[in-house]
Amino acid sequence: MRRLIGYLFGLVLLLVMAATGGAYLVIRHYAADLPDYTQLANYNPLLVTRVHAGDGRLLAEYAVENRVFVPIQAVPKRLSNAFLSAEDKSFYTHPGVDLAGLVRAVVTNLANLGSDRRPVGASTITQQVAKNFLLSNEVSLARKVKEVLLAYRIEHAFSKDRILELYLNEIYLGGGSYGIASASLNYFN
């Protein structure tokens, strides 16, 4: 019996060492060519240019992306809470990646293998900031690994409020609206 337990312990230890070594190699490979996340500190979004008449009337608006920047301090708490509830309930407690959500998504995606269903995501708001600002929309394991690595780095470089501010001002909300202010004007005038 002791021999069997020793054998199982050795096998488990070997598997843990192999997994750790594999994870190290994957991280090292993808971390080598990550985009510069520090550029988020100087976020200057494309904004709407407005032309007004002499009496103050709005004559025209020009924009590649219809966006109005709103600092996080001006965002109503109810609105930011609504986004957190829908997108990332544990935003203020996780380190950039929600491991429980990630495991749940992996299990769901493995169960859906072979079907025509799109893979389920588990991206946190920080991961979405990494993807929207620094990566592409490509659906691949390589992009996901880069997204995770960038999320950890972004979390260490910026406050949670700054990350949320970036997210709320960058996301596309339909109808040509980028960010919450533009969407508010577009949908609710």
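Start by selecting helix H2 (residues 77-87) together with helices H4 (125-134), H6 (160-170) and H7 (180-188), which are among what covers the buried residues of H2. Cover here goes by contact, meaning heavy atoms within 4.5 Å, and helices are DSSP runs of H or I, at least four residues, numbered from the N terminus. You're looking at a predicted model, where local features need pLDDT of at least 70, side-chain atom pairs count only at pLDDT 80 or more, and totals for chains, interfaces and linings use all residues. Residues are numbered from 1 along each chain as its sequence is written, and side-chain values use heavy atoms, with hydrogens and water left out.

Now show side chains on H2. Its buried residues are Ser80, Phe83 and Leu84 (buried is under 20% relative accessible area, exposed over 50%, with a 1.4 Å probe and protein chains only). Arg78 and Ala86 are exposed, on the face turned away from the buried side.

Next, pick strands S1 (residues 49-52) and S2 (residues 58-62), antiparallel and joined by 4 bridges. Strands are DSSP runs of E, at least two residues, and two of them pair if DSSP finds at least two bridges between them. Find Arg50, which stands opposite Glu61 in S2. The two strands make a hairpin with 5 residues between them, and Gly56 in the turn has a positive phi of about 95°.

Last stop: Met1, in the segment before helix H1 (2-31). Met1 is exposed, at 76% relative accessible area.
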